[in-house]
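Subject: Structure handover, domain interface

Hi,

My notes on the domain interface follow below it.

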Amino acid sequence: MEAPQIFHKDPSTFRTAPNLNNYEDTRKSFSWDDVADKEIAFFPDGKLNAAYIAVDRHLNTDLASKVALYWEGDNGEKEIFTYRDIAHRSNQFGNLLKKKGVRRGDRVFIFLPRVPLLYISFLGTLKIGAIAGTLFSAFQEQALFDRLENSGAKILVTNKDLSTRIEKIRGKLPNLSDVLVVDDPNFSAQLTSQENSLEIEHMEKDDYAFMLYTSGTTGKPKGVVHKHYAILSQHLTAKFVLDIHKDDIYWCTADPGWVTGISYEILGSWSSGATQVVYSGRFDTEKWYQILQDYKVSIWYTAPTAIRMLMAKGEEVVKRFSLSNLRHILSVGEPLNPEAIRWGLKAFGLPFHDTWWQTETGCMVLVNFPCTDIKIGSMGRPFLGIDAEIVDDNGNPLPTGTEGNIALIPGWPSMMQTIWNNEEKYKSYFVNGWYISGDRGWKDADGYFWFVGRADDVIKTSGERVGPFEVESALVEHPAVVEAGVIGKPDEVRGEIIKAFIVLKPNVTPSDLLKEELSQHVKKHLAGHAYPREIEFIDKLPKTRSGKIMRRILKAKEMGMPIGDTSTLEEY
Ligand code: PRX
């Protein structure tokens, strides 16, 4: 193996002294319990509330009148909210929920694009001790039904446009007592008539705060549940990895339908006192540079697919904008290719700092800090207070340099608390005292981790996690389809695209038109982002003798690779 290229950090060139200036030393003496009192605010009774820690605790400081959110909509609409505004509005939201009969532990799901009320309703829900769930705005009926049904959600917060998708399934959701439509003038009147002060619920560390559905290889998506105490990890990673300082303007391009948008666009980022930018529009190269320029963004957290899309438009476009405020850039969600880091250096004079984590981990886990050297292509090293290792399938640590499962010692504050209504699934993550991530990788002699791939069939397309089973289930609902096998096919820009292998009913004639129809079918019924961009009709799917589709074989064939051990296969 070639020696990796290293990007050395020279502290004398730092524009801002990093919040963490010595990783190795701090790590040696670090304990979560030691830092908790200093970093987050407990109530005098020793309890806490993540929303209070994120926003309201700042009201006693000079942050109260500082801008918390610069919001820009897709049609250029702009709104500005201070920390006080966000605190008061989320209080009003909490009061309204209480009037609607929402109690501690009830689930309130939010199905909104990135409008200010998404952030406000999320915080309002946590403040009254209810559990917030977010739903990505590309979801369609099937994806929505699965999540709302499994969670037993009591309230859905949405807008006029998206609410039409709910109408068709509402009759099948007996627990859903209210749908709040935020752009309905009646709703606005109700909300603004609420008191802007609220008795914030005091929660135990382990009480549930929010949940997110995420995909695995088999079955429907699972509800990953996070607790209030997770805010400690989210806060500290925002402080030490995002390196948020008082004067920074921070832009995270994620959507709170996914975990990055919750941990680092609501909880950890505001807890660290960030002034943040939210742009609700679609990806557009020039618009993105304009946002970086106009809002004087200094810290930017984005994803490899977006970086590759920017790269495709070239460096010249970058040079037309004045991005001199930018000082720290980071990436998450899928492998960050070395070329993307090198391009970042050319285009912005800064290296992208890779961070690795998952919905289940709740916070960044393997990271590159502002103060540490970057080995280009590596995901970095474990965050303070988190122990990571490479282990075999029985949970035995493997020697340096050997590929295996990326595993963590359970117990950091933002490790998922449970899988909603599925203790068995929760337990299945742990082997021999390790939390097994489902990713494969290896560790080098300096303790840097390198990503190899998923251990299962989970697909990452444009950084979004998609379970093949959900897509297969949507495809077989179509009358022309007998069965379907779905894989992630490597793609230069999107990381992977979804490819479906489909067996048609005997009387159906394959055609390009039918392929298009099948893609549209998934887009319309499951989700706008989780449809197959490629479809191939085949006579038969490779299966085990017990009838399980062998996606591994479909993938190997697709990529012209050896198909490996086929001894468990039915004849193929
Ligand atoms: O496979 C890994 C990939 O994304 C998965 C987690 O996806 P999700 O739960 O949607 O959370 C994404 C945002 C935190 C991981 O199991 N992944 C995440 N970050 C990286 C990555 N793969 C390679 N490099 C990364 N930096």
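Which residue's side chain meets that of glutamate 360 in a salt bridge? The partner is arginine 465, at 2.8 Å from N to O. A salt bridge here is a side-chain nitrogen of Lys or Arg within 4 Å of a carboxyl oxygen of Asp or Glu.

Some ground rules. This is a predicted model: local features need pLDDT of at least 70, side-chain atom pairs count only at pLDDT 80 or more, and totals for chains, interfaces and linings use all residues. Residues are numbered from 1 along each chain as its sequence is written, and side-chain values use heavy atoms, with hydrogens and water left out.

Domains: the chain splits into domain 1 (6–10 + 39–443) and domain 2 (457–559). The bounds come from an automatic or database domain assignment. In contact (heavy atoms within 4.5 Å) are 25 residues from domain 1 and 24 residues from domain 2. Their centres, taken over C-alpha atoms, lie 29 Å apart.

Interface: about 1900 Å² is buried between domain 1 and domain 2. Carbon and sulfur atoms give 50% of that. Buried area is the accessible area (1.4 Å probe) that two parts lose on being put together, summed over both.

The rule finds two salt bridges across the interface of domain 1 and domain 2.

Composition: the side of domain 1 that touches domain 2 has seven nonpolar residues (Ala, Val, Leu, Ile, Met, Phe, Trp, Tyr, Cys and Pro). Another six are charged (Asp, Glu, Lys and Arg), and 12 are polar (the others, Gly among them).

Best wishes
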